[in-house]
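Subject: Structure handover

Dear colleague,

Here is the structure you were waiting for. Please open it next to this message and read the two together.

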Amino acid sequence: MLKAIICDWNRTLFPDEYEEGFFGGLCTRAFVRSLVQVQVRRTFRLMGLAQKCYRLLQRARRDRARTPAYIAVVTALMNRYALKGLPATFIAHYVESYARRSARRLDRRLLDPIAEVRRRHGVRVGILSSGCQSGIRRTLELAGHEVDFILANEFVYSGGLVDHFRITVMRNKLPLLERALAELDVPPEQTMYVGDSLQDEQCFRHVAHPVLSFWTRPEERERFRDDCGAFCPPTQDDFRRYLDSLLTAG
């Protein structure tokens with residue numbers, strides 16, 4: 001009997017791969033702010049930052065085994081040149097406008113059936129992601145979707161200003177998944193994990209019901225299907241039927 005569904009975020013429930021839409025938009029707003037306030041040095045630093053981050057993300061796409069390392073470098077650069085010192089109110093206003101746009105981009109092929117089994121059968125639903133927690137939370141709220149928990153990365157503030165964006169979820173998804181299931185008191189045998197990438201592989205192997213997102217790349221879809229026994233739903237109806245089969249299983 002299915003008791004919990006834990007989902008990745010990027011390229012699982014949301015199309016962006018590395019939160020590039022979230023942080024790209026935030027850095028663009030920070031750039032405009034620096035122009036308006038005539039912060040010349042900061043303006044030029046932000047221009048250089050954009051070029052560096054673009055090159056690093058391109059490398060991350062080519063070398064997916066080293067994606068976390070590239071993301072760590074991008075985050076460190078953004079913290080140093082773009083994020084540190086931004087007002088908390090600036091971040092809050094940006095998150096709200098970002099979430100309004102992003103709520104229309106969610107993959108309802110997965111979300112709608114998951115929301116239905118949560119509502120009708122009490123299945124616990126969580127998000128485990130290396131994305132931004134406040135952006136994820138507000139996007140789901142504006143889309144009308146409730147979840148039981150979100151484990152993701154978040155801004156750290158000091159004195160009403162951003163100190164840094166803290167990464168607490170990246171290479172460690174499996175221990176975080178184990179901790180979440182222990183707190184929910186749900187065993188892996190009654191858990192579904194939905195994801196798309198190499199960073200999800202250990203979680204696929206840990207649960208009884210691994211499922212691939214509709215945005216999983218073909219080569220990784222084949223790997224996870226063959227090596228982890230992951231279910232690859234061709235359509236939303238197939239995913240609904242799969243959920244039904246787990247809910248009615250002994």
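Below are the findings, from the whole chain down to single residues.

This is a predicted model, in which local features need pLDDT of at least 70 and side-chain atom pairs count only at pLDDT 80 or more, while totals for chains, interfaces and linings use all residues. Residues are numbered from 1 along each chain as its sequence is written, and side-chain values use heavy atoms, with hydrogens and water left out.

Overall fold

The protein chain has 10 helices and six strands; these are DSSP runs numbered from the N terminus, with helices being H or I of at least four residues and strands E of at least two. Its radius of gyration is 19 Å, close to the 18 Å that the globule rule gives for 250 residues, so the chain is as compact as a globular protein of that length. That radius is taken over C-alpha atoms, and the rule is 2.2 Å times the number of residues to the power 0.38. Along the principal axes, the C-alpha atoms fill a box of roughly 65 × 35 × 30 Å. Among contacts (heavy atoms within 4.5 Å) with a separation of 6 or more, 65% join residues 24 or more positions apart.

Interior

Of the 250 residues, 50% count as buried. Buried means under 20% relative accessible area, exposed means over 50%, and partly exposed lies in between (1.4 Å probe, protein chains only). The largest nonpolar core has 60 residues, and Ile5, Phe22, Leu26, Leu49, Leu83, Phe155 and Met192 have the most contacts inside it. Helix H3 (residues 67–83) gives the largest share of this core, eight residues. A second, separate core of 20 residues includes Ala180, Val207, Leu212 and Ala230. A core here is a set of buried Ala, Val, Leu, Ile, Met, Phe, Trp, Tyr and Cys residues joined through side-chain atoms within 4.5 Å.

Serine 102, in helix H4 (residues 88–102), is buried at 2% relative accessible area. Leaving aside residues up to four places away in sequence, Serine 102 touches Phe14 and Thr139.

Salt bridges

The count comes to 22 salt bridges, each being a side-chain nitrogen of Lys or Arg within 4 Å of a carboxyl oxygen of Asp or Glu. One of them joins lysine 173 and aspartate 8, with the closest N and O atoms 2.9 Å apart. Lysine 173 lies in helix H7 (residues 173–184) and aspartate 8 in the loop between S1 and helix H1 (20–36), so the pair ties together parts that are 165 residues apart in sequence. Lysine 173 is buried at 4% relative accessibility, and aspartate 8 is buried at 6%.

Another bridge pairs arginine 241 with aspartate 238 (2.9 Å, N to O). These two are three residues apart in helix H10 (residues 236–248), about one helical turn. Arginine 241 is exposed at 51%, whereas aspartate 238 is partly exposed at 22%. Glu17, Glu20, Arg61, Arg64, Arg217 and Glu220 are linked in a network of salt bridges.

Surface

Val38, Val40, Phe44 and Met47 make a nonpolar surface patch of about 420 Å². Patches take residues with over 30% relative accessible area and no salt bridge, joining nonpolar side chains (Val, Leu, Ile, Met, Phe, Trp, Tyr) within 5 Å and like charges within 9 Å; areas come from the Shrake-Rupley method with a 1.4 Å probe, and for residues only the protein chains shown count as cover. Methionine 47 sits in helix H2 (residues 40–62) and is partly exposed at 43% relative accessibility.

Regards
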